[in-house]
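Please read it alongside the sequence and the coordinates.

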Amino acid sequence: MIYTAGPATGNEILIDGWELVVGLEVHVELATATKLFSASANRFGDDPNTNIDPVTLGLPGALPVLNRHAVELAMRIGTALNCTIQRSTFHRKNYFYPDMPKAYQISQYDQPLNVDGFLALPDATLIGIERAHLEEDTGKSTHVGGNGGRIHGSTYSLIDFNRAGVPLVEIVSRPDLRTSEQARQYVTELRGILIAIGASDAKMEEGSMRCDANVSVHRPGEPFGTRCEIKNVNSIRSLGRAIEYEARRQIDMIEAGETVRQETRHWDETDSRTHTLRVKEDADDYRYFLEPDLVPLAPSAEWIKAIADAMPMLPGARRARLGVATGFPADGEAIMVVVERGQDDYVLAVGAAGGDVGRALVHVKEAFAEASATPKLPAGDLAALTTLEVAGLLTATQAKTVLAEIVAAGGGDATAIARARGFEAMDTSALEAMVDQVIADNGPAWAKYRNGEDKALGALVGAAMKASNGKADGKFVTALLQSKRT
Amino acid sequence: MTARTASEIAAGVRSGTLAAAEVLEQHLDRIAAREGEVHAFNLVMTDQARRDAAAVDAAVAAGHDPGPLAGVPLALKDNMCTRGIETTCSSKILEGWKPPYDATVVTRLAAAGAVVVGKTNLDEFAMGSSTENSAFGPTRNPLDITRVPGGSSGGSAAAVAAGFASVSLGSDTGGSIRQPAALCGVVGVKPTYGYVSRYGLVAFASSLDQIGPFTNTVHDAALLLDVIGGHDPMDSTSIPDQHPSLLDAIRRDVVGLRVGRITDLPDGADPDVTERLEAAFDALREAGAKIVDVQVPAFGYGLTAYYLIAPSEASSNLARYDGVRYGLRVERPDTNAMYSATRAAGFGDEVKRRIMLGTYALSAGYYDAYYGKALKVRRLIADDFDRAYEHADVLLTPTAPTVAFPFGSKTDNPLAMYLCDVYTIPTNLAGHPGMSVPFGTGQHGLPVGVQVLAATLGEPTMFRAAAALERAMS
């Protein structure tokens, strides 16, 4: 796949003739054992200020030492996002804030580790990745008293430095997203990739994945509009809502003859609006300069190759593989869900055990919704079940019942269970006769249904299922009733 | 009793013929007698030093070797972290702060059997050339207490010159070891950048700072550097290679050594200083060295570049002193006011001047004209030195333009003070090693230092030349 810079095409959805342009900056905390520049534990949820050391606290004389594992995970991210991994340097970003121990953040500036990549959305739209660079996280401030947890006007502030120095990768997309739905898909897909490669647990609710959105609107064919950066978006759902709100706000302003100001805005979940945080003129001068306490980070070609060779199959490729195996659409719900849960290998294992992969896909999607990983059930047991189903010996409904029993027992012989329950699929002529009998017995309901009252269908299907003692396939019964209406 | 060198003390203590406790008491006696007028120390660690000396003696008695610095009384510049012991950088903003960890050099010294007698005074955060910028009062030159000892490591230089410690450590960002060594008549070495770990050295300008020794002899300096030098995984800029022993290097003579004279060196050295430099060239020629002329055209731009680069880094390094986590805090109703009040009260004038200079030089719109240009000059200086070292193995220059000057004579004119380091600064910018060797006296009978410079990791050659100069004076 080759990414060519430029707006995505084919997905434009105009809002009153305006095109939305979105770029995302996603920060992810890397799943390392220790911090980016020191040996303190990188662990969420510990007692405040227990994972600290002279480097974390920015004590005088302490020096940073780069965590090799963090670099590896950052390189994995670059590889997964089709980036060029290059010689990179660290800079100091200087600003005062109480939870910033050194009064500067060590980050990558004009020479980031990963550049010029792309991410493919499930529908194959390519979204450009400008860069994915390493940096350290800050501590966490809790402002007590005053209004709304802001430092201004608070009575006092508590600082937890456990998070200070935790390794982050900031992934900056190009402004290639055109709808809020694409933005949601982008973050969902990115999250799946990060989890698949073991780079991060990417939990937005715990803050290990944080997302800022740059939003602007313009008329197609005209230059991009002035953008606003939206912060404090804490879920994928909020991301979509915040973008939609912000787009509407900007369109309304422009249509009212006002000018959009470049500014940073805060998404407020309680009133579902964005609010001005700071305007561009107030922006800090970060006085970036090369971090003299670190040397350039220049991964060797061998190291880059070793990372690439060790890459697991990514979600997009796994969806395509499952699509080919099952005949289901690769970006359809069943495959999306099963791959996101990491159950695709299991579905394929059912196929390898002689089962039907299509039926296996549907069963796994529905029966293992609770599981986040591979079902515990032996693949052979599910394979046997799908075989009975495909042979017409079990209806889909019966198969579901049998599977529930097998799952509850942690395994079992589908044939034996079906027999024990007296399940045997009715043949088509017997079923048709039974449906005719149901129509005859339920004259008023049948009349209503024929007169166009669709909801009467449910009662007829229910009566047929009851008459068959649950042996009939509900879908087939429905189809029969529908065909007899006309 | 006559002053012994560190090498003699360590040899005596290791062989059991000399007690570390006895050596320590002799130094403590001298401190008791003269520290009141010299003020070399921010802290004299009498009790801990006595415990450490006793432990060294006990180790020897038990048949263990305490190490190559066994029982050597040593003073540390008060910008090196010592676990549980106040480390102030001679600043009110760090007064009372006790680090929870030891600098790597402190750990290595302890492992070698050295006995730390105290933490020495300095210009606040190592910014100055006279030790007059200390928040705790100036150090006086033991050779003439009406004059400065130089700086910023004035306390460490004075401690060795006064016999308060056999050796000491300082830090050198633009000349802060070599210049006070020259003014106090002792040996002072600024090693190659990355030769000695900076872990636990409170940063002034991180790309320039380097720890090095003050000693009475070139041999002692080699001994000390062999102990504190070498790779440290805690300092990413520490050189990974193993360093050759300098004690071995100084046994070699200088026959055939190419000694460079910089013909385009900036003017400004007093005649008594240039006279001693000429004598040094003569001495090395007599010892068999060849004197060659070289040019380092960008040498003269060093001072200007330095006063952009060092303050820029300092403005960032010193931003952490904000009253939030440690050190001084001046309470105010809101955070920004607390920052301002704390920093206004905690920093002295010179530190504030450099923070402002550096903040300005790094600011958007000024970066390219100031900091960016200074970095280019820095590259130019390094390139010029590299060309000079194609023709010479070492270079000789004055260490400082003058002998020790009277108190207050330069405090009203920062530029005059900055010129004290005109000959030392280019070495720091290039990352090269340099050392000052006492080579006789000038005006008022005060010591003059000659500076020996070498290329990156040229310490063995630099020490050979320094040892030859020392022999010529004995």
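In this predicted model, Ser180(A), Glu181(A), Ala183(A), Arg184(A), Val187(A) and Thr188(A) of helix α2(A) are in contact with Ile236(A), Leu239(A), Gly240(A), Ile243(A) and Glu244(A) of helix α3(A).

**Helix pair in chain A**
- Helix α2 (residues 180-196) and helix α3 (residues 236-255) of chain A have axes that come within 9 Å and cross at roughly 150 degrees.
- Because angles over 145 degrees count as roughly antiparallel, α2(A) is roughly antiparallel to α3(A).
- The crossing by which α2(A) passes α3(A) is right-handed.

**Leu57(A) and its surroundings**
- Leu57(A) is placed in the loop that lies between β1 (19-29) and α1 (68-80) of chain A.
- Leu57(A) counts as buried because it has 23 C-beta neighbours inside 10 Å, where 20 or more are required.
- Once neighbours within four places in sequence are set aside, the contacts of Leu57(A) are Ile52(A), Pro101(A) and Phe161(A), together with Arg325(B) from chain B.
- Although Leu57(A) and Gly139(A) are 82 residues apart in sequence, their C-alpha atoms are 9.4 Å apart in space.

**The sheet of chain B**
- In chain B, 11 strands form an open sheet with mixed pairing, and their order is β1-β3-β2-β4-β6-β5-β10-β11-β9-β7-β8.
- Strands β1 (41-44) and β8 (290-294) of chain B stand at the edges with a single partner strand each, so one side of each is left without a neighbour in the sheet.
- From one strand to the next, the twist of this sheet averages 30 degrees.
- Strand β7 (residues 258-262) and strand β9 (residues 394-398) of chain B pair in the parallel sense over three bridges, and Gly260(B) stands opposite Leu395(B) in β9(B).
- Helix α3 (residues 46-61) of chain B lies across β1 and β3 (115-120) of chain B, and this helix runs at about 155 degrees to β3(B).

**Confidence in chain A**
- Chain A has a mean pLDDT of 90, with 95% of its residues reaching 70 or more.
- Residues 5-11 of chain A have a pLDDT below 50, and this stretch has 11 contacts in the model beyond near neighbours in sequence.
- Where pLDDT is low, the predicted coordinates should not be read in detail.

Methods. Residues numbered from 1 in each chain as written. Chains lettered and ligands numbered in written order. Predicted model: local features only at pLDDT ≥ 70, side-chain atom pairs only at ≥ 80, totals over all residues. pLDDT = per-residue confidence, 0-100. Contact = placed C-beta atoms within 7 Å. Pairing = 2+ DSSP bridges. Helix = DSSP H or I, 4+ residues; strand = E, 2+ residues; numbered from the N terminus. Axes fitted to C-alpha atoms, helices over the stretch in contact; angles between N-to-C directions. Buried ≥ 20, exposed ≤ 12 C-beta atoms within 10 Å, placed from the backbone. Parallel < 35°, antiparallel > 145°, perpendicular 65-115°, else oblique. Left-handed = near helix turned anticlockwise from the far one by under 90°.
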